[in-house]
Amino acid sequence: MNQNRVYEYRRNFIMSLGGVAAVGVIGSGFVLQTASAAGEIAAKPADQPVTNAKRWGMLIDVTKLTDGGAAMVAACKQEHGWGDEMHSADAQKAHWSRVVKVTDKLTQNSFSLPVMCQHCEKPPCVDVCPTGASMKRADGIVQVNKHICIGCRYCMMACPYKARSFVHEPLQDQKPHSPRGMGTVESCNMCVHRIDEGRLPACVEAAPDAVIFGDLNDPNSAVSQAMKTVGGKQIRADLGLNTGVRYHGI
């Protein structure tokens, strides 16, 4: 994928958000349930492999995020230890998750939303990785295997959500559950270590009134029921990636 194509993806992404904003809020009277995903996640036995019986995902109600998602981003930083790079330029610093502000040019209406890896069913980042480091688990979680990432950054160029970043400097005091390394690419991994232990992702815990997390394959799960009611919009749905992260109120 050439650089012009990447810029086109990103420009269209921002434009699409503005277009969505112009459409208006759907189901404004709908109130997301308080996340009770403790009942939705069961710890995976260590001797059992991950299967495709479940597909993890979340629905984010942007109208309930009074801070635009800042608390979710802060929780991600604390959980994984990114964001304190001392020697990288601002544009080079890690951003596993970030708050994006969208403004309708016509009405000047604005809203903010957290944007992280969207955990696509058909992730472009996986398709372009030459070593297999960029991979999708059977349960839908997209992540990077740091042991075989060669830092080519093809996955960063392929991601239409600008959800990946590159480590430009040596790191210290890393989290045992979230290894990072200079010269490798990283992104949101949906707190896979927590999920395997039967715990919610850190960002979900930070916004329990605005996010529902659960099994998208289970039609009776809270997240599936909520999306059945309000829909759950995808960013850049036109790409046909079937994202695991959905939004309400954009």
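Trainee: How many helices and strands does the secondary structure of the protein chain come to?
Mentor: This is a predicted model, where local features need pLDDT of at least 70 and side-chain atom pairs count only at pLDDT 80 or more, while totals for chains, interfaces and linings use all residues. Residues are numbered from 1 along each chain as its sequence is written, and side-chain values use heavy atoms, with hydrogens and water left out. Helices are DSSP runs of H or I with at least four residues, strands are runs of E with at least two, and both are numbered from the N terminus. On that basis, the protein chain comes to 7 helices and 9 strands.

Trainee: What percentage of the 250 residues counts as buried?
Mentor: Buried means under 20% relative accessible area, exposed means over 50%, and partly exposed is in between, with a 1.4 Å probe and protein chains only. Of the 250 residues in the protein chain, the buried share is 49%.

Trainee: Among contacts between residues at least 6 apart in sequence, what percentage joins residues at least 24 apart?
Mentor: A contact here means heavy atoms within 4.5 Å. Take the contacts in the protein chain between residues at least 6 apart, and the share joining residues at least 24 apart is 67%.

Trainee: Which residue in β3 stands opposite Val99?
Mentor: Two strands pair if DSSP finds at least two bridges between them. β2 and β3 run antiparallel and are joined by 7 bridges. Within that pairing, the residue opposite Val99 is Pro114.

Trainee: Is Cys191 buried or exposed?
Mentor: Cys191 sits in the loop between β7 (185-186) and α5. Its phi is positive too, near 55°, in a residue other than glycine. With a relative accessible area of 6%, Cys191 is buried.

Trainee: Which side chain does Arg236 join in a polar contact of 2.4 Å?
Mentor: Arg236 lies in the loop between α7 (222-230) and β9 (245-248), and at 8% relative accessibility it counts as buried. A polar contact is a pair of N or O atoms within 3.5 Å; within protein, one must be able to donate a hydrogen and the other to accept it, and residues adjacent in sequence count only if both atoms are side-chain atoms. The partner side chain at 2.4 Å is that of Asp238.

Trainee: Which strands do the buried residues of α7 pack against?
Mentor: The buried residues of α7 include Ala222, Val223 and Met227. They pack against β1, β8 and β9.
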